[in-house]
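Here is a short tour of a protein chain, moving from one residue pair out to the whole fold. Please keep the model open as you read.

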Amino acid sequence: GYLNVEGYINDLVVDLSHERIAAPYLGMCTKGGKKWLLFEYLQGTTLEELLIECEESYSLTPLADAVGLERFYDDDCDSLRRLVNEVARQLFATCVALEEAGVAHRDIKPYNIIVADKRLLLIDFGS
């Protein structure tokens with residue numbers, strides 16, 4: 001049940017302190033009859049917002065800057081390859097950490113990924 005999920009998240013975020021999983025886990029509360037997992041506020045932008053910015057500017061530079069990719073050029077195949085590899089590497093590392101901890105996220109999408117401090121961080125462990 002829900003408390004098992006809380007235990008997994010607590011183990012993953014607090015004990016393992018995995019650098020790719022959200023912000024520090026603070027606990028759980030009940031509001032309006034629903035249980036909520038609480039995480040420290042994380043300053044950043046969602047991957048979805050960054051992708052919209054990229055689309056509007058016709059450039060992937062905002063995403064490259066956000067993940068700390070240096071010497072990025074939109075018209076350079078090597079730059080594009082490095083960007084895709086960096087984003088994939090970070091997301092894969094997160095998914096491996098979740099799998100090893102026995103946690104299923106069930107809702108990985110750009111809106112549930114925060115980009116902060118040049119890292120992609122997975123948020124919203126709802127069911």
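Which residue in strand 5 is the bridge partner of V115? The partner is L120. Before going further, note that this is a predicted model, in which local features need pLDDT of at least 70 and side-chain atom pairs count only at pLDDT 80 or more, while totals for chains, interfaces and linings use all residues. Residues are numbered from 1 along each chain as its sequence is written, and side-chain values use heavy atoms, with hydrogens and water left out.

**The sheet**

Strand 4 (residues 113-116) runs antiparallel to strand 5, and four bridges join them. They belong to an open, antiparallel sheet of three strands in the order 3-4-5. Strand 3 (45-46) and strand 5 (119-122) are the edges, each with a single partner strand, so one side of each has no neighbour in the sheet. Strands here are DSSP runs of E with at least two residues, helices are runs of H or I with at least four, and both are numbered from the N terminus. Two strands pair if DSSP finds at least two bridges between them.

Helix 4 (residues 77-101) lies across strand 4 and strand 5, at about 35° to strand 5. Such angles run from 0 to 180 degrees between N-to-C directions, with axes fitted to C-alpha atoms, for helices over the stretch in contact.

Leaving aside residues up to four places away in sequence, V115 touches G44, T45, L47, L50, A66, V67 and L120, a contact being heavy atoms within 4.5 Å.

Most residues other than glycine have a negative phi. Y58 and D117 have positive values, and each is exposed (over 50% relative accessible area; buried is under 20%, partly exposed in between, with a 1.4 Å probe and protein chains only).

| Residue | Loop | Phi | Relative accessible area |
|---|---|---|---|
| Y58 | between helix 2 and helix 3 | about 55° | 79% |

**The whole chain**

The chain has four helices and five strands, arranged α-β-β-β-α-α-α-β-β from the N terminus on. Of its 127 residues, 33% are buried.
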